[in-house]
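The entries follow in the order in which I looked things up.

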Amino acid sequence: MLGELRNETVVSYPAWAWGLVWAGFPLIGAGIGWLLKSVAGWVAELPWAPMKGLFKAVDSVDEPLATIGALAVGALAGLVLAFFAAAESLTVTVSSGQAVLARAGQSRAVPRGSVQVVFLDGKHLVLLGQAGEELAREPSDLDADRVREAFRQYGYPWRDGGDPYRDEYRRWVPETPELPSGADALLKARAKAIHKGDSSDAADLRAELAKLGVVVRDEKKRQYVRVVR
């Protein structure tokens with residue numbers, strides 16, 4: 001959705017998309033629950049099947065309770081997934097004074113005067129500061145054209161060509177001498193977080209690296225870095 005409120009533009013997912021999420025996820029979940037209930041007896045007889053005890057327990061439930069329960073549990077699981085999808089969705093609010101990036105009940109306000117350039121880096125919305133430091137980097141599935149339109153409407157320096165500092169990144173390897181003191185240890189910890197799939201810890205460590213003047217880009221679980229001069 002792209003809407004204007006009090007001299008600001010809000011970019012979020014359209015209402016019809018959320019209708020599909022809140023209605024579709026429970027329906028899909030209910031369908032999966034019914035399917036699992038239907039094949040529970042067959043799976044329980046397979047000698048190599050995992051969680052055979054669970055499938056036997058499901059198969060032992062009498063009808064119509066088994067079908068009702070399977071549909072209810074599946075729909076509930078779908079609702080939980082829809083809730084997490086809503087919580088993790090990005091909303092961008094742009095005005096002449098600042099850009100606010102909000103997700104999961106948290107928001108970050110970036111003053112217009114501090115922004116050197118705005119661009120999309122793959123599936124990430126990135127705002128860089130006047131010295132090339134990373135002010136914000138947020139995963140985003142929002143419509144790229146609408147995001148671009150919102151920033152340009154208020155005079156932000158949008159760049160279609162992506163990161164202007166792309167050529168300055170170098171692949172990080174342990175003990176890289178050019179990095180500030182403490183950065184190597186943070187990058188080692190972040191490499192472990194990426195390997196474990198801990199995106200929250202990786203984001204926190206990215207923020208700590210930014211305080212040291214180190215900007216990080218990820219490509220296929222590899223870290224590429226540049227130092228803000």
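I began with the charges: the chain carries 28 positive and 28 negative side chains, and the centres of the two sets lie 4 Å apart. For this I counted Lys and Arg as positive and Asp and Glu as negative, leaving out His and the chain ends, and I placed each charge at NZ of Lys, CZ of Arg, CG of Asp or CD of Glu.

I note that this is a predicted model, in which local features need pLDDT of at least 70 and side-chain atom pairs count only at pLDDT 80 or more, while totals for chains, interfaces and linings use all residues. Residues are numbered from 1 along each chain as its sequence is written, and side-chain values use heavy atoms, with hydrogens and water left out.

Next I looked at the overall form. I found six helices and eleven strands in the chain, taken as DSSP runs (H or I of at least four residues for helices, E of at least two for strands) and numbered from the N terminus. The radius of gyration is 23 Å, well over the 17 Å that the globule rule gives for 229 residues, so the chain is more spread out than a compact globule; the radius is taken over C-alpha atoms, and the rule is 2.2 Å times the number of residues to the power 0.38. The C-alpha trace spans about 70 × 50 × 25 Å along its principal axes.

I then turned to burial, where buried means under 20% relative accessible area, exposed over 50%, and partly exposed in between (1.4 Å probe, protein chains only). Buried residues make up 38% of the 229 in the chain.

For the cores, I used sets of buried Ala, Val, Leu, Ile, Met, Phe, Trp, Tyr and Cys residues joined through side-chain atoms within 4.5 Å. The largest nonpolar core has 19 residues, of which Val-92, Val-118, Leu-125, Leu-127, Phe-151 and Tyr-156 touch the most other members. Strands E3 (91-95), E4 (98-103), E6 (115-121) and E7 (124-129) and helix H4 (144-153) each supply at least two residues of this core, and H4 gives the largest share, three residues. A second, separate core of eleven residues includes Leu-187, Leu-209, Val-216 and Val-227.

Val-118 touches, among others, Leu-125, Phe-151, Tyr-156 and Trp-158. Thr-93 in strand E3 is buried, with a relative accessible area of 17%, and is in contact with Glu-8, Thr-9, Val-10, Gln-98, Ala-99 and Val-100.

Trp-34 lies in helix H1 (residues 15-44), counts as partly exposed at 44% relative accessibility, and touches Thr-67, Ala-70 and Leu-71.

Glu-175, in the loop between strand E9 (170-171) and helix H5 (183-196), has a positive phi near 70° and counts as exposed at 57% relative accessibility. Lys-220, in the loop between strand E10 (214-219) and strand E11 (222-227), has a positive phi near 55° and is exposed at 78%.

Definitions and conventions. Contact means heavy atoms within 4.5 Å. Lists of a residue's contacts leave out its neighbours within four places in sequence.
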